[in-house]
Amino acid sequence: MDIGTTPDNSLDSSAVLVNPGEASYAEIVAKQPKASVPHTSEYSEKSVTNEKDEKKPVVPVNKLRGNHILALALRRMLKGPAPTLDHIIRFLSSGSGHDKFWMITQYFTKIVVWVFAKRGQKSASERVRTLSNLVSDYRIMIRLTGLVPMAQYVRYAEQFPAQTGLLKWLDRVMNLTLVCYYPLEHIYWLGAHQILPFSEKLVDFSGYWSCRFWAVWVAMQFVHLGEEYRLIKGKKQKIYTQGKIDATKMQEELDAVDAEAKSWKIQMLINACYFPLTLHWSIRGSTFPDVAVGVCGTIAAVAQAYNVWNATA
């Protein structure tokens, strides 16, 4: 059946049946010659039926048309392909996509807490704060296995070293900071929940120093991004100065460099948002407001989610 045409045809027939301008059955029969008038009892029965039909409310044509459109939309949604839904499932099924969904929830709820508090809605503010804290705790818990993919990345960085000596050594030092970061965060989480009998002093020490190693990683990432920017500029300049080249091939190379530049800008935005957060969590008695943590964290989360969304397309 042709989905694109069948509803329109049925719509037209429905519109004729409910058109208030049409004559009733009794009026049509009355205008016919007497020879064609049916038997009196049959005529009376039909007249009574028409009188009852006339008392029924008339359904507007535009309402019927809207119902048909809704039915068609539901039919296509349920029976046809759903590429967007498939993409969402791929996104949430990936480890990074799953984490970024909860990261957005964790940080955006901090902004919601601030809004409710400003409005004097203390009860709602506390409920949302509870959700934010639970999500934060959950994200730390799922990082208990973080050293496993970290070990794989260290192997990859050694097998396929970066383009320059500076990037190569930056990768090694940055990987070392994360190797220190993960165990300290694990000690903090396991001790804070009294799963392992760590002293309060060790738990406090682990919490601060895990964030300090993360802050070192973020600071070094700025140097890493600076070196990457230098390489991107060099690639672009090389394309323009390489002499005679096919226009199509040149455009393809420029598009590839532009894609790298776009990715670089997103990474710089993410790192710029992480930097004040890592400093805030590394300093005892920091006065950085919680709503600012929410804003910076939300921007970083959305930017990372954007990267994962494109990667799972």
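Student: Which residue forms a salt bridge with E158?

Tutor: R172 does. The closest N and O atoms of the two are 2.9 Å apart. Keep in mind that this is a predicted model.

Student: Where do R172 and E158 lie?

Tutor: R172 lies in helix α9, and E158 lies in helix α8, residues 147-159. The two are 14 residues apart in sequence, so the pair ties those parts together.

Student: How many salt bridges are in the whole structure?

Tutor: A search finds ten. One of them joins the side chains of D258 and K236, at 3.1 Å from N to O. That pair links distant parts of the chain. D258 is in helix α11, K236 is in helix α10, and 22 residues separate them.

Student: How accessible are D258 and K236?

Tutor: D258 has 35% relative accessibility, which counts as partly exposed. K236 is also partly exposed, with 31%.

Student: Let's zoom out. How many helices and strands does the chain have?

Tutor: Twelve helices and zero strands.

Student: What share of the residues is buried?

Tutor: 29% of the 313 residues count as buried.

Student: And what share of the contacts with a separation of 6 or more comes from residues 24 or more positions apart?

Tutor: 73% of them.

Student: Now the inside. Which residues touch the most other members of the largest nonpolar core?

Tutor: M103, L178, I270, Y274 and A300. That core has 24 residues.

Student: Which elements give two or more residues to this core?

Tutor: They are α6 (95-118), α9 (165-192), α10 (200-240), α11 (247-282) and α12. The largest share, six residues, comes from α9.

Student: Back to Y274. What is Y274 in contact with?

Tutor: Leave aside neighbours within four places in sequence. Then Y274 is in contact with M103, W214, V218, A300 and Q304. M103 and A300 are also on the list of core residues that touch the most other members.

Student: What does the second, separate core include?

Tutor: That core has six residues, among them L225, I232, L254 and W264.

Student: Helix packing next. At what angle do α5 and α12 pack?

Tutor: At about 115 degrees, with the axes 9 Å apart. Helix α5 covers residues 83-93. The crossing of α5 and α12 is right-handed.

Student: Which residues meet there?

Tutor: From α5, H87, I88 and F91. From α12, A305, V308 and W309. In that contact, five residues are nonpolar, one is polar and none is charged.

Student: Why does T298 count as buried?

Tutor: The relative accessibility of T298 is 12%. Buried means under 20%, so T298 counts as buried.

Student: What about H224, buried or exposed?

Tutor: Buried, with a relative accessible area of 9%. H224 is found in helix α10. H224 touches L167, L170, D171 and M174, not counting residues up to four places away in sequence.

Student: Last one. What is phi of Q194?

Tutor: Near 55 degrees. That is a positive value in a residue other than glycine. Most residues other than glycine have a negative phi.

Student: Where is Q194?

Tutor: In the loop between α9 and α10. Q194 has 71% relative accessibility, so Q194 counts as exposed.

Notes
Residues numbered from 1 in each chain as written. Predicted model: local features only at pLDDT ≥ 70, side-chain atom pairs only at ≥ 80, totals over all residues. Heavy atoms only, no water. Buried < 20%, exposed > 50% of the residue type's maximum accessible area, 1.4 Å probe, protein only. Axes fitted to C-alpha atoms, helices over the stretch in contact; angles between N-to-C directions. Helix = DSSP H or I, 4+ residues; strand = E, 2+ residues; numbered from the N terminus. Left-handed = near helix turned anticlockwise from the far one by under 90°. Contact = heavy atoms within 4.5 Å. Nonpolar A, V, L, I, M, F, W, Y, C, P; charged D, E, K, R; others polar. Core = buried A, V, L, I, M, F, W, Y, C linked by side-chain atoms within 4.5 Å. Salt bridge = Lys/Arg side-chain N within 4 Å of Asp/Glu carboxyl O.
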